[in-house]
Each structure stands twice: as C-alpha cells, then as structure tokens.
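User: I want to go through this model and ask what stands behind each label. Please set every value against its cut-off.

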Amino acid sequence: MEVYYLIDFENVHNEGLENIDSLTKNEHLYIFSTENALNIRMDILFSRGIDMKGHIVPAGKQSLDMHLAAYLGYLLGIHGKECAYVIISKD
C-alpha cells in the first residue's frame, strides 16, 4: 500500500523527519513550510533515494494548514482510498 506523509514542518521541525531512514519505496514525503521555518536538515533528506517534495507556502494565519489540507484533498482525488495518508503536525 502506498503511504503519503504530509509534514507540517513549521510545527514539528526536524523532529518530524527522525524516522526518515525507515521509509520504503511505497512511502512518499511531502514537506510543507513557510520561508520563516526553513531550517531543514538536508543531509537527512538526501541520505537516501526518498520520494520527497517540498512545498513553500506564504506565511500567514493558518496558511500552512490550509495548503496542507488542500494538498491532502488533491492526493485523495488522485489516489482515493487505496492509499494511506498521514499528517505529521503538533496542531
């Protein structure tokens, strides 16, 4: 089963990437951040061939949450119930 992780990097920072080495080829990582919170440890991300995409969104009240939720809807529209979706956030 394909698993899509959507990470609210603004809230969890690098802690949200701690188990990245255990990801398989069926797991996909989407990192959402504003420019204010861009302190991603690139060595963690590029240490393996991880399917990862970054999304830099405008800063603003609940902006990141809204972008993440909209992208979740997009993924659900494409992949439906055949996949699992995990949101990593402190919200």
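User: Which residues does Val57 touch, leaving out those up to four places away in sequence?

Analyst: Val57 touches Phe32, Ser33, Thr34, Glu35, Ser63, Leu64 and His67. Each counts as a contact because heavy atoms come within 4.5 Å. This is a predicted model with residues numbered from 1 along each chain as its sequence is written, and its side-chain values use heavy atoms, without hydrogens or water. Local features need pLDDT of at least 70, side-chain atom pairs count only at pLDDT 80 or more, and totals for chains, interfaces and linings use all residues.

User: How far is Val57 from Ser33 in sequence and in space?

Analyst: The two are 24 residues apart in sequence. Their C-alpha atoms are 6.2 Å apart.

User: What makes Val57 buried or exposed? And where is Val57 placed?

Analyst: Buried means under 20% relative accessible area, exposed over 50%, and partly exposed in between (1.4 Å probe, protein chains only). Val57 has 7%, so Val57 is buried. Val57 sits in the loop between strand 3 and helix 3. Helices (H or I, at least four residues) and strands (E, at least two) are DSSP runs, numbered from the N terminus.

User: Why is strand 1 called largely enclosed?

Analyst: Strand 1 covers residues 3-8, and six of the six are buried, so the rest of the structure largely encloses this strand. Val3, Tyr5 and Ile7 point one way, while Tyr4, Leu6 and Asp8 point the other way.

User: How do you know which strands pair with strand 1?

Analyst: Pairing takes at least two bridges found by DSSP. Six bridges join strand 1 to strand 2 (residues 27-33), running parallel. Five join strand 1 to strand 4 (residues 84-88), also parallel. Leu6 stands opposite Tyr30 in strand 2, and Val3 has Ala84 of strand 4 as bridge partner.

User: What is the strand order in the sheet? Which strands are at the edges?

Analyst: The open sheet has four strands in the order 3-2-1-4, with parallel pairing. Strand 3 (51-56) and strand 4 are the edge strands, since each pairs on one side only. Helix 3 (residues 63-79) packs on the sheet and touches strand 1, strand 2, strand 3 and strand 4.

User: How many salt bridges does the whole structure have, and what qualifies as one?

Analyst: A search of the whole structure finds one. The test is a side-chain nitrogen of Lys or Arg within 4 Å of a carboxyl oxygen of Asp or Glu. Lys53 and Asp51 meet at 3.3 Å, N to O, so the pair passes. Lys53 is partly exposed at 36%, and Asp51 is partly exposed at 30%.

Technical notes
Axes fitted to C-alpha atoms, helices over the stretch in contact; angles between N-to-C directions.
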